[in-house]
Amino acid sequence: MSNAKERKHAKKMRNQPTNVTLSSGFVADRSGKHYNGGGKPFQAQKQEPHSGTSRQRQIKMTPRSLAEPDTNEQSSSKLMFKKKGGWKAGPDGTSQEIPKYITAATFAQARAAEISAMLKAVTQKSSNSLVFQTLPRHMRRRAMSHNVKRLPRRLQEMAQKEAEKAVHQKKEHSKNKCHKARRCHINRTQEFNRRQKKNIWLETHIWHAKRFHMVKRWGYCLGERPTVKSHRACYRAMTNRCLLQDLSYYCCLELKGKEEEILKALSQLCSADAGLTFAAVHCLSGKRQGSLMLYRANKYPREMLGPATFIWKSEGTPGSTSENRQLWIWLHPTLKQDILEEIKTVCQCLEPVRSAVSIPSPPPTLSQEKSQTEMTDEKIGKKRKRKDDKEDPNPVKKIIGDGTRDARQPYSWMSANTGIIISDLSLEMNRFRLIGPLSHSILTDVLKAASVHTGEEDIEETPHHWWIGACRNAASVALHRRQEAIFELLGGITSPAEIPAGTILGLTVGDPRINLPQKRSKALSNPEKCQDNEQVRQLLLEGVPVECAHSFIWNPVICESVTENKISDQDLNRMRSELLVPGSQLVLGPRESRIPVLLIQQPGRVTGEDRLGWGSGWDVILPKGWGMAFWIPFIYRGARVGGLKEALVHSQYKRAPSIPGDFPDCPAGVLFAEEQAKNLLEKYKRRPPAKRPNYIKLGTVAPFWCPWEQLTQEWESRVCAQGKPSVDSSPSGEESNLRRQESPKAPAPSAKAGTAVDNPTEPEVMDTECQDQPGMKRVTDRGAPGNHAVLTRSQLCVLRSRKLLKQLSAWCEPCAKDRRAARWAPRQGQHELTGEACLALTDRFPRALVWVSLSLLRKGSPEPHTMICVPAEEDLLRLRQDRQYCGPQEPRHSDPFKSMIMKQKEKKKVEKRQNRGRAAPEGPAAGLPEARQEALTQGLWPGALPAVTTHCSRGLLGYVTQGDFSMAVGSGEALGFVSVTGLLHVLSSQPAAERGLVLLRPPASPQYRFARIAIEV
């Protein structure tokens, strides 16, 4: 009997008494018997049917000896199976004759017991379904669940009993599940604190959670994308209106100390060859925001840590006589730990200072809050058992900002030698980004400069004593008036891109909730505000003066006071309800909050020749606790909110690398690639083999990650093997020889793997050596702690030298622009594309990558991990003959591992059948080879990768990291990295008129498409 039939039979017999056996189409026990009233076994015997129109059965009764033992009865009692043609004997081939005489009283008593058991089984429910649920579906009605009279009369009595029973058995709901208890402030805040112990919430988290798809990344709970379809709408907002993003998850590191000591320490982490440094003139004065790339101390151009932006506190601070300077460094959360440790090392700040970053506690004390919690628990009941309340040092109420910080850990460090103090200000401030041409118009509508305090107002009514002290200083009042005048001029400017990049404007504003409109509106630019053309022209050329960059947000004491003295929304709404004229302006007077803010201009797209200034906007830095107070007014003025996906699209359209995915030489970028490869591999395995692409047949060796190390090593060895005769004539022949002698040793494993592919008779040897997935093995090796040092010691780097990037950019242009490039070449000190120039660059950066942008010539939409390949001569020839030629196709590759996978599947089935009847302890031993078999996935390359540059018919040059259809240009665009050595080799071999043409092929497609490569500086 099969398992399904056994379960069905057991379900049917679960409510039957033990002395009754119901007959069915199958019998579990073939030696079972049916007894009559006298306790004698009986059995039916097949008789030949009589002739006629109907069939009749004849039962032959034969007497049996009562003295026969019971064992003989059991052995001789067999069941008859009813089959076509009459009754037939059981499996043993014998039949049992029933007795000739029975005792009536005993027989009736036995039948009565069976009848009562049958009635009990009929009346007793065999499932948890209600009476009305036992009816056929076409007879059910919705009202049957609460109206008994809707049921048939024969079932109404049973339904009424069920309803009465349900009323008595209905459990009384605990009070902590009611709506009032869930909305209780103390209990809800405790629940929110518990839910963000692992992933911190921003101040706008609840607003995002109702409207966005939330993801847990980098220790935060962030909004990924809106729940509504808004891809095009967000692009239109970035292009024509305004897009709002919450960047409060970015980390801020503060350095305090003497300017010379700070510059001396931080100069080891950056290089002027890659762009700006901390000592840039405009940035050092506090007038502009700067951006740069940070490396490990004195390790440029390798061992990169990540990009960062920095702001110096302006020197022209009124009333300031201190020689110390303040510096803010803003970082992505994935880069914070590595950069913080490196800064602590170069600044020699190893001594922790626990009291440097003050985390304000809420007004109630800890004992008061615990007593309130106990009273609340007595009233509403505990939702969860809180056994660790005594061990938790954090207060019950959420501390605005990073409330999940452990008070026992230091967040400030000091150096006794240099006098520098490093503080971690993560989540101590809010940072919002407004992108689009109407961002400054929304700012001027939402933010209103704070009114200057006069002596006539009552000082005791206002809690903002810091603002009263500032208003008593004439220089501070004059600076505030000047900042207000410059801020008003922003409302008439067409786009933020007209203002110098990185301009900083400090301001003190009033509470934006007071001017909140009753309905949502759209803010528009007002050119009438720019009637004074001279001031506007000076603002557009020179930017904001240094003095106007001052803001009180640099003072942590003032920020703490502003956060603590904020008027709650409940009190503000109560005061609005008490107005004599509903809807009129609410005037708070001296009780109105004054909030110091910092406005930073974001330049948008600054590279290339087209769409300059696209995506520009403003960043607003606020004190903590004021996030939602500014967030809602921004939305009510017409700003559209975007998430992480919109931030990625913004960086893609600016053709700028995104953090951390587009930094392969950074530790955070390596970890991001590992996580991405793992997620893509799991998604690939979830689909059946027939519904997913076979990457081996498509010639894609790494569909989920980019093997940068192997790519650069193979191009280095390939070019070195071709250029050996020209080494002696080069100026740096000795250094080149040393590097070329060492480089060919690296790709040796790949060469062996490549020979295994060419020879189909060797796949089994390759499989026994490595049993891991292609992406996972590589990813796991990279993520291992022991291999981190190997990665940091490797020669892989990204070329970021401004001078060399300009040189490569000029070489990538075709001959149509050679005249203009030749005209500017003497001024820029550029050289022609010669063998000596290429050799000098490859000797300095043998394993370097370069950031490139790709635009497709015809149709096509690239995607991440798309391969950038070298076109063959016949491809360029066909393109010259036919300008509508799309591109070649990759021939289909053979899958040498398919037969091996099929054999392993068959072997797995056989082992599963053999292990079905074994005991449980044998399971792990039997499952060990199965785990090894699962390492082979159909469609993915197992083990070490073959030679990636020569695996396909077109040589591999690099990979795409960002790619999609661009609504800005109406065609496909892509961003990625290519090998510098391979790029120079390709450019030198291509004709001048077709220089810069490459082929793009997605991982799951055999079609190549032409694209033009460009390096924008």
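Are arginine 325 and glutamate 259 buried or exposed? Arginine 325 is buried, and glutamate 259 is buried too. The views below all come from a predicted model.

**Figure 1. Overview of the predicted chain.** The chain has 1017 residues, and 47% of them are buried. Its secondary structure comprises 35 helices and 27 strands. Take the contacts between residues at least 6 apart in sequence: 78% of them join residues at least 24 apart. Salt bridges number 26 across the whole structure.

Figure 2. Arginine 325 pairs with glutamate 259 in a salt bridge. The closest N and O atoms are 2.9 Å apart. Arginine 325 belongs to strand 12 (residues 324-331). Glutamate 259 belongs to helix 9 (residues 259-266). Side chains of opposite charge can pair when their charged atoms come close.

**Figure 3. Arginine 605 in a salt-bridge network.** Arg605, Asp610, Arg655, Glu973 and Glu1016 are linked by salt bridges into a network. Two of the pairings involving arginine 605 are described here. With aspartate 610, the N to O distance is 2.9 Å. With glutamate 1016, the N to O distance is 3.3 Å. Arginine 605 sits in the loop between strand 18 (594-602) and strand 19 (617-623). Glutamate 1016 sits in the segment after strand 27 (1009-1014). The pair therefore ties together parts that are 411 residues apart in sequence. Aspartate 610, at 30%, is partly exposed. Glutamate 1016 has 23% relative accessibility, so this residue also counts as partly exposed.

**Figure 4. Packing of helix 31 against helix 35.** Helix 31 covers residues 835-844, and helix 35 covers residues 980-989. Their axes come within 10 Å. They cross at roughly 170°. The two helices are therefore roughly antiparallel to each other. Helix 31 contributes Cys838, Leu841 and Thr842 to the contact. Helix 35 contributes Val980, Thr981 and Leu984. By type, the contact residues are 4 nonpolar, 2 polar and no charged.

**Figure 5. Cover over helix 35.** Helix 35 is mostly covered, with 7 of its 10 residues buried. The buried residues are Val980, Thr981, Gly982, Leu983, Leu984, Val986 and Leu987. Among them, Val980, Thr981 and Leu984 also take part in the contact with helix 31.

**Figure 6. The largest nonpolar core, seen around valine 850.** This core has 72 residues. Val850, Leu957 and Leu983 have the most contacts inside it. Strand 22 (residues 848-856) gives the most to the core, with 7 residues. Which residues touch valine 850, leaving aside its neighbours within four places in sequence? They are Leu805, Leu808, Gly976, Phe977, Val978, Val980, Leu983 and Ile1015. Two of these, Val980 and Leu983, are buried residues of helix 35. In soluble globular proteins, nonpolar side chains tend to be buried together.

Terms used: Residues are numbered from 1 along each chain as its sequence is written. This is a predicted model: local features need pLDDT of at least 70, side-chain atom pairs count only at pLDDT 80 or more; totals for chains, interfaces and linings use all residues. Side-chain values use heavy atoms; hydrogens and water are left out. Axes are lines fitted to C-alpha atoms, for helices over the stretch in contact, and angles run from 0 to 180 degrees between N-to-C directions. Helices (H or I, at least four residues) and strands (E, at least two) are DSSP runs, numbered from the N terminus. Angles under 35 degrees count as roughly parallel, over 145 as roughly antiparallel, 65 to 115 as roughly perpendicular and the rest as oblique. Contact means heavy atoms within 4.5 Å. Ala, Val, Leu, Ile, Met, Phe, Trp, Tyr, Cys and Pro count as nonpolar, Asp, Glu, Lys and Arg as charged, and the others, Gly among them, as polar. Buried means under 20% relative accessible area, exposed over 50%, partly exposed in between (1.4 Å probe, protein chains only). A nonpolar core is a set of buried Ala, Val, Leu, Ile, Met, Phe, Trp, Tyr and Cys residues joined through side-chain atoms within 4.5 Å. A salt bridge is a side-chain nitrogen of Lys or Arg within 4 Å of a carboxyl oxygen of Asp or Glu.
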